[in-house]
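Biologist: I have a model open on my screen and would like to learn how to read it. Could you walk me through it?

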Amino acid sequence: MCGIVGYLGEKEKKAILLEGLQELEYRGYDSAGIAIIEHHQLKHYKAIGKLSNLKEKTKHFTSTGFGISIGHTRWATHGKPTELNAHPHIGAYSYVVHNGIIENYQLLKAQLIQEGITFVTQTDTEVIVHLFEHHSKQTSTPFEAFEKTIGQLEGAYAILLISELAPDTIFFAKNGSPMLVGFEGDDVYFASSDTPIIGRAKEVHYLADGEYGYATNQAVALFDATGTKAFTKQPLPTDKALAQKDGYRFFMEKEIYEQSHIISETMMGRVLEETIHFEELEENFFDGISAIKICACGTSYHSALAASYLFERMVKVRCSVEIASEFRYKEPLLTHDTLFVTISQSGETADTLKALKMAKQAGLKSLSICNVDNSSIVRESDCAILTRAGIEKGVASTKAFATQTMVLWMLALTMGEHKQTITPTTLAQEITAMRQTPKSLQVTDRLHAKLNRLSKRYLHGHGFFFIGRDIFYPLALEGALKLKEISYLHAEGYPAGEMKHGPIALADSRLFTIALMPKSMHYEKIKSNVEELSARDTTICAISPEPFELADDFIQTHFSTHPMLEFFEMMVITQLLALEISVRLGNDVDMPRNLAKSVTVE
Ligand code: M6R
């Protein structure tokens, strides 16, 4: 996810910007840039790759005296991670940095091109700076031009804009993407999160959606749709490590909570009013495709398994899923009508990468679903869809799984629409459900407290079964993987109907069963599977919207008619339960033993 910093004042600006961007590195980025105006002189520097490249480029530059400055780390969404596409974006006399996605940029861009404006990047952001300069020709102040500009933007943004027209002013606006303003004497700071300004600013105002304004060394003014507003300043936290985790105890916990917001980023610009559109896919991308093969490892394999149910049900194409490390040595039969899909959070998993290379060699069309742009898997694929989860620090994957599953659900609908296997009515219903996903992913204090309380009962025993049917079977696999990764307790995921074919032999009071019992899918079937386990005295923790009297513990979810909404809600519960059990056992939640975040060896 992009990171933004800004500074207005007398201090040396380059150091403040670069150190600030360094603090935002954890958000993930593929290029970076800064722009500074001082003594009426405008300077900018950009570099792809790590911040060290930008530092190298700026090593002979220092700033002196009063000035204004903005900086940015870019996580590519529109356009490749090139120096040209890196922020700040440049007009004739203005610079902008932006985090988020401008959904109506194509329309605005077309209008500006008609006015004779030339665009040089592939980004959505460039439209902002040109729009500002366009308006500034007709307005009496640059601030009016800025107000008009943000009034036309649709989508999510945190924006800082500077211009030679107002060389002592930073214009700012926030809607949907995070940004804060920090204060210390006459100095004003901006950042995407606390960490860049801890130790510099004393007080902070966390901008709310719809707030915008300007900062000069005379005044900092705040507005929203109702007019001028007062800042709500509060003291800045002083602990950087805690601030990086946004106050959560662990990155994994933060990432679980983030899912509700992140999933909107995954959908942004793709889930439209009546259709789903991936600008990454060409019009005829699915032509000639009558089967899908997905290869992945670990959590990514589980999202693939869930997707296989969706592809066969909605698109009516054969969909097989394989663990990449198995696929690569089995001498697989590959046919040219098969779309080869790889899924990977990191984009660097050795087995998945090798599987992709094999498929390419066999002449298959390849698509990757990945969280890291420009990673090996993305580069190797014919086409890539980014999940936009932002950097995931916890070794146990959470938001990567949620966003992969979302992309796959969207992909199934796109392909279903293309192949006309779903009706417009079904598509509309699916889109309506999809828009409710952020709500299903929300963690309430009540839920978290309940899982914390429950967790103390699940620290011993001789193992866990997570059971579910249909798409809830891969979710059971994922729930079990999460638990074993961070608690080191033995856990297995099983299709509920499979228990009586062997695993039920383990049933006794010290066997814990986490039963995923959605109401929208095969409820009666799974209920009877759970009853069989209960009859053998197994300790049952049921997760369901429907109270279940045989449950030893019961976690009530919301009634929903759409299985995917139940899926996402139950996913959060299994993640938090694993986390709370792990915490009670005193384990390192973010860095579990024996595991690495990116598995780049076979
Ligand atoms: O980066 P990838 O998605 O390719 O990684 C695959 C697995 O190594 C990964 O999902 C692993 O299973 C996680 N630790 C799960 O939490």
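This is a predicted model: local features need pLDDT of at least 70, side-chain atom pairs count only at pLDDT 80 or more; totals for chains, interfaces and linings use all residues.

Biologist: Let's start with the overall layout. Which domains does the domain assignment give?

Modeller: The assignment lists domain 1 (3-239), domain 2 (242-436) and domain 3 (443-591). For domain 2 and domain 3, the C-alpha centres are 25 Å apart.

Biologist: How much area do domain 2 and domain 3 bury between them?

Modeller: The general idea comes before the number. Interface size is often expressed as the accessible area lost when the parts come together. Here, domain 2 and domain 3 bury about 2600 Å² between them, and 70% of that is on carbon and sulfur atoms. In terms of residues, 31 from domain 2 are in contact with 29 from domain 3.

Biologist: And how many residue pairs are in polar contact between domain 2 and domain 3?

Modeller: The count is 12 residue pairs, with both residues at pLDDT 80 or more. On the domain 2 side, helix 7 (251-267), helix 8 (298-315), helix 12 (399-418) and helix 13 (424-435) each supply at least two residues that touch domain 3. Helix 8 gives the most, with eight residues. Sorted by class, that side of domain 2 has 16 nonpolar, nine polar and six charged residues.

Biologist: How many salt bridges cross the interface of domain 2 and domain 3?

Modeller: The rule finds two. A salt bridge pairs a side-chain nitrogen of Lys or Arg with a carboxyl oxygen of Asp or Glu within 4 Å. R313 and D470 form one, with their closest N and O atoms 2.4 Å apart. R313 is in helix 8, while D470 is in the loop between strand 21 (463-468) and helix 16 (472-487), so this pair ties together parts 157 residues apart in sequence. R313 is partly exposed at 39% relative accessible area, whereas D470 is buried at 11%.

Biologist: What about the rest of the protein: how many salt bridges does a search of the whole structure find?

Modeller: That search gives 25. One of them joins the side chains of K11 and D187 at 2.5 Å, N to O. This pair also links distant parts of the chain: K11 sits in the loop between strand 1 (3-9) and helix 1 (13-23), and D187 in strand 10 (residues 187-191), 176 residues apart. K11 is partly exposed at 39%, while D187 is buried at 9%.

Biologist: Now the serines. Is S69 buried or exposed?

Modeller: For this I use a cut-off: under 20% relative accessible area counts as buried. S69 is at 0%, so S69 is buried. S69 lies in strand 4 (residues 67-74), and its contacts beyond four places in sequence include V5, G6, Y7 and I170.

Biologist: And where does S375 lie?

Modeller: S375 is in the loop between strand 19 (365-370) and helix 11 (376-380). S375 is buried at 2%. Leaving out residues up to four places away in sequence, S375 touches S346, G347, E348 and C370.

Key
Residues are numbered from 1 along each chain as its sequence is written. Side-chain values use heavy atoms; hydrogens and water are left out. Domain bounds come from an automatic or database domain assignment. Contact means heavy atoms within 4.5 Å. Buried area is the accessible area (1.4 Å probe) that two parts lose on being put together, summed over both. A polar contact is a pair of N or O atoms within 3.5 Å; within protein, one must be able to donate a hydrogen and the other to accept it, and residues adjacent in sequence count only if both atoms are side-chain atoms. Helices (H or I, at least four residues) and strands (E, at least two) are DSSP runs, numbered from the N terminus. Ala, Val, Leu, Ile, Met, Phe, Trp, Tyr, Cys and Pro count as nonpolar, Asp, Glu, Lys and Arg as charged, and the others, Gly among them, as polar. Buried means under 20% relative accessible area, exposed over 50%, partly exposed in between (1.4 Å probe, protein chains only).
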